[in-house]
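Hi there,

Here is the structure I promised to pass on.

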Amino acid sequence: MAKQKEIKTNAMRMLESLGIPFKHYAYECEEFVDGLQIADMLSLPYEKVYKTLVTVGNSRNYYVFVIPIADELDLKAAARSVGEKSVEMIHVKDINAVTGYVRGGCTAVGMKKQYVTRIDSSAEGLEKMIVSGGRIGSQLELAPADLARAAGAEFADIVRRA
């Protein structure tokens, strides 16, 4: 039986064009499942898996935040990190129009437009981190500094700490 050709996403093509090495994980999934379930399906450690959240600020500009899957975005800290008075999550129905990706397949690399992006500082201590590959059923593992370079991102303290 012929092996199915791997479907490349915008994120994968962009990483390849920048010469950034990554490992691709594929999993069977028809609709959105949260990052914890994906980590369980792929037997990945929670602390290495990050989710991508998209917000809108007071200025009506969009901002992208990449945080550990088990954590919550600290909206005040996130706003401060991008110089806004406040930010709020965009509505699920707007994700595709804003990013070009679908819920559960959103990643900071290769969006329709380059938005100001922050990666939680917890990633800086990791050798590798795992983020969405740009579609449901796809995850990418790469060095945090490489993700930051590809997404034009900076590191910041943006999650609620216990």
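**What I found**

The backbone oxygen of I95 sits 2.7 Å from a polar atom in the side chain of T99. That is a polar contact, meaning a pair of N or O atoms within 3.5 Å; within protein, one must be able to donate a hydrogen and the other to accept it, and residues adjacent in sequence count only if both atoms are side-chain atoms.

Before going on, a word on what you are looking at. This is a predicted model, so local features need pLDDT of at least 70 and side-chain atom pairs count only at pLDDT 80 or more, while totals for chains, interfaces and linings use all residues. Residues are numbered from 1 along each chain as its sequence is written, and side-chain values use heavy atoms, with hydrogens and water left out.

T99 belongs to helix α4 (residues 95-99). Helices (H or I, at least four residues) and strands (E, at least two) are DSSP runs, numbered from the N terminus. Is T99 buried or exposed? With 0% relative accessibility, T99 counts as buried. The cut-offs are: buried under 20% relative accessible area, exposed over 50%, partly exposed in between (1.4 Å probe, protein chains only).

Leaving out residues up to four places away in sequence, T99 touches V54, C106, M111 and K112. Contact here means heavy atoms within 4.5 Å.

You will find V54 in strand β2 (residues 50-57), and it is buried, at a relative accessible area of 5%. Beyond its neighbours within four places in sequence, V54 has contacts that include Y63, V64, M89 and I90, as well as T99. V54 and A39 are 15 residues apart along the chain, and their C-alpha atoms are separated by 21 Å.

**The whole protein**

Zooming out, there are five helices and eight strands. Along the sequence they come in the pattern α-β-α-β-β-α-β-α-β-β-β-α-β. The C-alpha trace spans about 55 × 30 × 30 Å along its principal axes. For 162 residues, a compact globule would have a radius of gyration near 15 Å, and the protein agrees with its 15 Å. That radius is taken over C-alpha atoms, and the globule rule is 2.2 Å times the number of residues to the power 0.38.

Of the 162 residues, 49% count as buried. Among contacts with a separation of 6 or more, 64% are between residues 24 or more positions apart.

**A three-stranded sheet**

Which strands make up the open sheet of three? The order is β1-β7-β6, and the pairing is antiparallel. Two strands pair if DSSP finds at least two bridges between them. β1 (23-26) and β6 (129-132) are at the edges with a single partner strand each, so one side of each has no neighbour in the sheet. From one strand to the next, the twist averages 30°.

β1 and strand β7 (residues 138-142) are joined in the antiparallel sense over four bridges, and K23 stands opposite E141 in β7. Helix α1 (residues 10-17) packs on this sheet, where it touches β1 and β7, and its direction makes about 25° with that of β7. (Axes are lines fitted to C-alpha atoms, for helices over the stretch in contact, and angles run from 0 to 180 degrees between N-to-C directions.)

H24 is also in β1. H24 is buried, with a relative accessible area of 19%, and its side chain makes a polar contact of 2.8 Å with that of S138.

Strand β5 (residues 116-120) has four of its five residues buried, so the rest of the structure largely encloses it. β5 runs parallel to strand β3 (residues 62-68), with four bridges between them, and V64 stands opposite T117 in β5. β5 also runs parallel to strand β8 (residues 154-156), joined by three bridges; there, R118 faces E154 in β8.

Why is helix α5 (residues 144-151) described as largely enclosed? Six of its eight residues are buried, so the rest of the structure largely encloses α5. The buried ones are P144, D146, L147, A148, A150 and A151. Their cover includes α1, β3, β5, β6, β7 and β8. Just after α5, G152 adopts a positive phi of about 60°.

Cheers
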